[in-house]
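Have the viewer open and follow along.

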Amino acid sequence: MLASVKNAQSLHSNNVPPHKFGVMAINKNSTVYTFGFSIAMVIVVGTSLAYTSLSLKDRQDANAADKKMMNILSAIGVEADRDNAGALFSDFVVERVSIDGSGRQVNSTVSPVDPKDKQDPFSIEVMKDYRAKIKSAVKAADGDAETLQAALESAELEFPLYRCSKDNKDLFVVPLVGSGLWGPIWGFVALEDDMTTIYGANFDHKTETPGLGAEIREGFFTDKFRGKKLNTAGPLLFSILKGGAQTNENSVDGITGGTITSKGVDEMINRTLAVYLRYFESQSLTRAQK
Amino acid sequence: MSTETTPAVTQKKESLFSKKNKKLLSDPLNDSNPITVQVLGICSALAITVQLQQAVIMSLSVLFVMIGGNVIISLMRNMVPDRIRIIVQLVVVASLVIIVDEVLQAFQPDISEKLSVFVGLIITNCIIMGRLEAFALANKPGPSFLDAIGNGMGYAWILLVVSIVREIFGSGAISLPGMGQVKFLPTSWFISEGGLYENNNLMILPPMALITVGIIIWIQRSRNQALIEEN
């Protein structure tokens, strides 16, 4: 009896490929099945990825905040690692300020960093703002500083500024974002309290060419910025020059073979610091009045 | 009639560690090594073998994706419509890679930064897609699991050997995840400190990875004559 049942099943399976959906025969190659399978797969995959992403987000955000603190500290010459970044950051950074496109102060805080607080200048996502608003404005202005300035003022943006205190000197750290050859580049520049002398700088990139544009993150390049001055009188605040050119106190030598990345660094320094300089000017005026 | 079904039953009860299955584990380590014999997955093997710790994390990531992909595809092998099977494989591999990437960003942020695009490129690692298409789609989860471990380890040991050679001669150090880089040469040996030794900077560059892999292939073929193709 049993044997005959088994036999019947095996005969059946000779005609129709075995499947896991009970008695009803399903054609695996029918369009309906293919669609159904795809939809089910997308739902399962989407749910599991969303779950992974959400459950790891807090840790990733904390890591990103640590990295940001490390970069800010490195601009003022303090080397931190992930373990002590938070502590060193609160030691050295005495005030966090946000300013608008025309250089007016919007917000200021001295309280400990709270990555959840959207009002905290530390939470301003300069990279997001650059991608959403500034990049297109730079393109539209096409090198015309006044058009760009007007665009930055009308776009409701906030720019963060970190006032640090090291060796009893005030240092101002400014975050920069720009475009390299293949993708975004970013960095931090620290200015001394005369607001024109560069105290230190660091740059990083996402996808620049290794050995060429990617070299902007290396010490040999960032060290050249130390002690240079912003040219507040001239048309350009600062320039990255092409090979062989004589550099002065307002310029550094660019990276050979990384012309477009160097130009990107040049552009982001000039564009961003122009905004902050207006804030610095208003600050030094109020200081003079006092 | 019942005599016909008996062999099928005994075949089903084949042990997971039968001779055939053990070959699934050992073959990719030597005779059909994905890197040195099949020459697959070379791109990542050249790019991330500057330091041992990167190679360890990369190997673990590839191993995880291989095992996950092989087992999942093997479990689904009777349900996957033929016409979209490559897309299904791609989606499974891609989701596993995204999970690996997210976990690395959360728990090993520095290494995740160094591996950068190469974690994402695990998706296009030919070893993984190759095993899914050639093995997992036609075999049960058990053997597929062993096949994944075999191929993952075959990939891993080459990566580890290459990275150990490159890190020792290129940086004079050895690094492991969680321990950082340990420099074991006394600094007084170096020319800059008045000694006679200097790290070989060529070792850090990708060409030296290719040469190191080449030397492994040379040693492997001289020991295993069966691998030498006839002209």
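## Ground rules

Two strands count as paired if DSSP finds at least two bridges between them. Helices (H or I, at least four residues) and strands (E, at least two) are DSSP runs, numbered from the N terminus.

This is a predicted model, where local features need pLDDT of at least 70, side-chain atom pairs count only at pLDDT 80 or more, and totals for chains, interfaces and linings use all residues. Residues are numbered from 1 along each chain as its sequence is written, while chains are lettered from A and ligands numbered from 1 in the order in which they are written.

## Hairpins in chain A

Strands S1 (residues 93-100) and S2 (residues 105-109) of chain A run antiparallel, joined by 4 bridges. Arg96(A) sits opposite Thr109(A) in S2(A). In the turn of this hairpin, Gly103(A) has a positive phi of about 90°.

Further along, S3 (residues 158-166) of chain A pairs antiparallel with S4(A) through 5 bridges, and Tyr162(A) faces Val173(A) across that pairing. S4(A) then runs antiparallel to S5 (residues 184-192) of chain A, with 9 bridges; a hairpin of 4 residues links them.

## Cores

S4(A) is mostly covered, with 9 of its 11 residues buried (20 or more other C-beta atoms within 10 Å of a residue's own, C-beta atoms being placed from the backbone). A nonpolar core is a set of buried Ala, Val, Leu, Ile, Met, Phe, Trp, Tyr and Cys residues joined through C-beta atoms within 7 Å. The largest has 56 residues, and Val173(A) and Phe188(A) are among those with the most contacts inside it. Helix H7 (residues 259-289) of chain A gives the most to this core, with 8 residues.

Conventions
A residue is buried if 20 or more other C-beta atoms lie within 10 Å of its own, exposed if 12 or fewer, and partly exposed in between; C-beta atoms are placed from the backbone.
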